Amino acid sequence: MDANSIVDVAVVGAGAAGIAAAKALRDQGCGFVILEASHRIGGRAYTEQVETEAGKAAFDLGCHWMHSASLNPFVQIADSLGFEYSKSQSSHRLHLAAGWADKKEEVEQEDFFEQAYRDIQASKNDGRDISIAEATDRESRWTATFDYWMSLYHSVDSDQVSSLDNANYRDTDENWPLKQGYGSLIARFGADLPVELNSAVQSIDWSGGVLRLRTRKGEIAARRVIVTVSTGILAAGDIRFTPDLPLDKQTAIAALPLGNHNRICLLFDRDVFGANAPAHVTHRGDDGEPMSFGVRPFDHDYVVGYTGGRFADWLERAGIEASVDLARANLAKVFGSDITRHIVGHKVTAWGGDPWVKGAYSAALPGQHHARASLAPPVGD
């Protein structure tokens with residue numbers, strides 16, 4: 001970075017959006033620089049290699065599934081880079097306090113979920129942008145399980161998210177996990193780009209004809225800036241804008257807060273589940289939050305527990321050991337306490353405390369489904 005020169009475009013953030021923006025700029029022949037606050041690219045796409053008895057295995061700390069795969073541009077990118085993924089619909093079982101749910105109970109839960117989605121769609125048809133909690137039945141036996149899944153899908157609880165934001169999501173029910181990791185895919189996708197790492201942007205002065213960006217490594221001048229950081233970073237004021245962003249942008253940022261979604265990985269020294277174990281299981285006891293587990297993805301000897309919303313925030317603040325203990329206890333209720341003797345390690349995410357993201361997904365507050373469209377248009381050309 002040279003403060004005496006002016007770059008065509010400065011891209012702030014090297015997550016998936018920043019990488020895509022930079023590649024589009026390169027294709028157009030524009031000069032650009034990518035400024036990334038972290039020591040790595042990818043943002044919330046982050047794969048680590050964990051040690052198992054069979055060798056190293058990929059574990060995604062952030063995104064893992066290529067959602068709505070037939071619409072997802074990363075499927076073609078995965079194919080071009082030789083990444084493996086699964087298209088199959090994996091088995092899912094429900095475990096209750098008394099044991100495995102029977103077929104009648106599983107059908108009842110499925111019927112409730114389908115009715116809840118119809119109720120959410122009805123709120124859209126009626127033009128009512130209310131919370132998911134307000135749009136759906138609060139008295140059912142299955143409400144708590146539904147709310148748990150909403151906390152995973154949106155990273156906030158049902159009373160904190162717009163029903164229209166949910167209804168507007170283009171869900172094709174194609175969720176394809178990547179064997180080598182989604183984080184690894186995005187890192188490979190952006191590996192050919194020049195990125196200034198450890199270069200957190202502290203301020204953007206757009207008061208004159210040329211924009212001035214102050215970073216931890218000094219100042220850079222640019223004719224245009226593309227800001228791709230999370231709404232968590234923007235809402236926290238980590239980047240100061242001079243002059244302030246217009247009120248409609250500030251309102252949109254506040255209307256799209258980041259919630260929390262964390263993953264608890266328990267490593268085993270062998271396959272203790274057997275060939276007939278479901279690929280996913282949700283445990284719901286008589287008390288406490290439900291917890292869902294991914295069991296031995298791609299035959300790796302680990303299990304992943306998922307938390308979302310307020311509970312994910314609380315558990316993250318409680319610490320790593322609290323997360324591990326809870327996942328271990330819930331897993332024992334499903335498969336028996338003997339399996340816990342074979343747990344040999346763990347990996348726990350903490351996205352709420354990540355200084356360069358400050359959360360998981362953005363969720364539109366009730367009444368604020370339009371905020372995504374308001375956030376997108378340019379400011380001051």
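The following legends describe close-up views of a predicted model.

**View 1. The nonpolar cores.** The largest nonpolar core comprises 50 residues. Phe-146, Leu-266, Phe-268, Phe-293, Tyr-302 and Leu-331 have the most contacts inside this core. Apart from residues up to four places away in sequence, Tyr-302 touches a set that includes Val-50, Phe-59, Leu-266, Phe-268, Arg-296 and Pro-297. A second, separate core has 25 residues, among them Ile-77, Tyr-85, Phe-189 and Leu-193.

**View 2. The ring pair of Trp-65 and Tyr-306.** The model holds 15 aromatic pairs. In the pair of Trp-65 and Tyr-306, the ring centres lie 6.0 Å apart and the planes meet at 50 degrees, so the pair is classed as tilted. Distant parts of the chain are linked here: Trp-65 belongs to strand β5 (residues 65-66) and Tyr-306 to strand β17 (residues 302-308), and the two residues are 241 residues apart. Trp-65 is partly exposed, at 23% relative accessibility, whereas Tyr-306 is buried, at 6%.

**View 3. The ring pair of Tyr-148 and Trp-149.** The planes of these two rings stand at 75 degrees with centres 5.7 Å apart, so the arrangement of Tyr-148 and Trp-149 is edge-to-face. Both Tyr-148 and Trp-149 are buried.

**View 4. A cluster of rings.** Trp-100, Phe-268, Phe-273 and Phe-335 are joined into a cluster by ring pairs. Phe-268 is also one of the residues with the most contacts inside the largest nonpolar core.

**View 5. Charges over rings.** The charged end of Lys-23 is placed over the ring of Phe-189, 4.4 Å from the ring centre. Phe-189 is included in the second core. Arg-44 lies over the face of Trp-351, and its distance from the ring centre is 5.1 Å.

Notes:
Residues are numbered from 1 along each chain as its sequence is written. This is a predicted model: local features need pLDDT of at least 70, side-chain atom pairs count only at pLDDT 80 or more; totals for chains, interfaces and linings use all residues. Side-chain values use heavy atoms; hydrogens and water are left out. A nonpolar core is a set of buried Ala, Val, Leu, Ile, Met, Phe, Trp, Tyr and Cys residues joined through side-chain atoms within 4.5 Å. Buried means under 20% relative accessible area, exposed over 50%, partly exposed in between (1.4 Å probe, protein chains only). Contact means heavy atoms within 4.5 Å. Rings of Phe, Tyr and Trp (its six-membered ring) pair if their centres lie within 6.5 Å; planes under 30 degrees apart count as stacked, over 60 as edge-to-face and the rest as tilted. Helices (H or I, at least four residues) and strands (E, at least two) are DSSP runs, numbered from the N terminus. A charge sits over a ring if NZ of Lys or CZ of Arg is within 6 Å of the ring centre and within 35 degrees of the ring normal.
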